[in-house]
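Good morning, everyone. Please take a look at the sequence and the structure on the screen, and then we will walk through some of the details.

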Amino acid sequence: MVQAAKFSVEEYHRIVATGALGDRRIELLHGELVELSPETPYHANQNNKIYKYLLKQFDGLADVRSHHPITLATSEPEPDLVLARLPESRYDTRHPEPADIFLVIEISYSTLDYDLEIKQKIYASAGIPDYWVIKLGDPSVQVSRSLIQFTNPRGGRYQQCSECTTGELQISAFPDVTLEVNRFLA
């Protein structure tokens, strides 16, 4: 039987520190090294627009992070966007951990099944309270876009899931901050 080698988060940190991975974009997921897909201009621009919106909405409330690692028990993914506890200086010597994280967002253009299955289970198992998947459609057509909101993680699964294309949302940690769904899908 052939089996992939598994790495702990600590072993992964040692590998990264050696520079052996070079400029490759790699995540550690369930102990396995996974190469990230190249980012299309469409995905990058959507990420940038959402990042700027979140910066304005959570100024002084949360650290808004884009494409930076978070450290979980057996994984170190690099989500598209994360809202983490302040002060941001707490991340000078470590990446945000589950207790630091309010929200993880993955923007899905070509990775939808992966984000809805694999990543959703990883984030739920870590107890991340809010996980959103921005489902992008074809960039030339303004249809098929939606925001999928996962909340209430328990037993390695999110207990609630809803999908919307319009309206307003809140993050459980910030019920007084109202977010416009269209700002995530524009």
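Both Phe150 and Tyr158 are buried. Buried means under 20% relative accessible area, exposed means over 50%, and partly exposed is in between, with a 1.4 Å probe and protein chains only. A word on the source: this is a predicted model, where local features need pLDDT of at least 70, side-chain atom pairs count only at pLDDT 80 or more, and totals for chains, interfaces and linings use all residues. Residues are numbered from 1 along each chain as its sequence is written, and side-chain values use heavy atoms, with hydrogens and water left out.

Now the rings. A search of the whole structure turns up eight aromatic pairs. For a pair, ring centres of Phe, Tyr or Trp (its six-membered ring) lie within 6.5 Å; planes under 30 degrees apart are stacked, over 60 edge-to-face, and the rest tilted. Take Tyr53 and Phe184: their ring centres are 5.6 Å apart and their planes stand at 85 degrees, so this pair is edge-to-face. The pair links distant parts of the chain, with Tyr53 in helix H2 and Phe184 in helix H4, 131 residues apart. Helices here are DSSP runs of H or I with at least four residues, strands are runs of E with at least two, and both are numbered from the N terminus. Tyr53 is buried, and Phe184 is too. Back to Phe150 and Tyr158: their centres are 5.8 Å apart and their planes at 40 degrees, so that pair is tilted.

Ring pairs also build a cluster, made of Tyr123, Tyr131, Phe150 and Tyr158. Where is Tyr123? Tyr123 sits in helix H3. Its relative accessible area is 0%, so Tyr123 is buried. Setting aside residues up to four places away in sequence, Tyr123 touches several residues, including Ile70, Leu72, Pro77, Val104, Tyr131 and Tyr158. Touching, or contact, means heavy atoms within 4.5 Å.

Stay in H3, which covers residues 112-126, and find Gln120. Is Gln120 buried or exposed? Gln120 is buried, at 7% relative accessible area. A polar atom of its side chain lies 3.3 Å from the backbone oxygen of Leu116. Leaving out neighbours within four places in sequence, Gln120 is in contact with residues including Tyr131, Phe150 and Tyr158.

Next, helix H2. Tyr42, His43, Gln46, Asn47, Ile50, Tyr53 and Leu54 of H2 are buried. They cover an arc of only 130 degrees around the axis, which puts them on the same side of H2. The arc is taken from the directions from the helix axis to the C-beta atoms. On the other side of H2, Pro41 and Lys56 are exposed. Among the elements covering the buried residues are strand E5 (101-108), strand E10 (174-180) and helix H4 (182-185).

Last, the cysteines. Cys161 is exposed, at 52% relative accessibility, whereas Cys164 is buried, at 17%.

Conventions. Polar contact = N/O pair within 3.5 Å; in protein donor to acceptor, adjacent residues only side chain to side chain.
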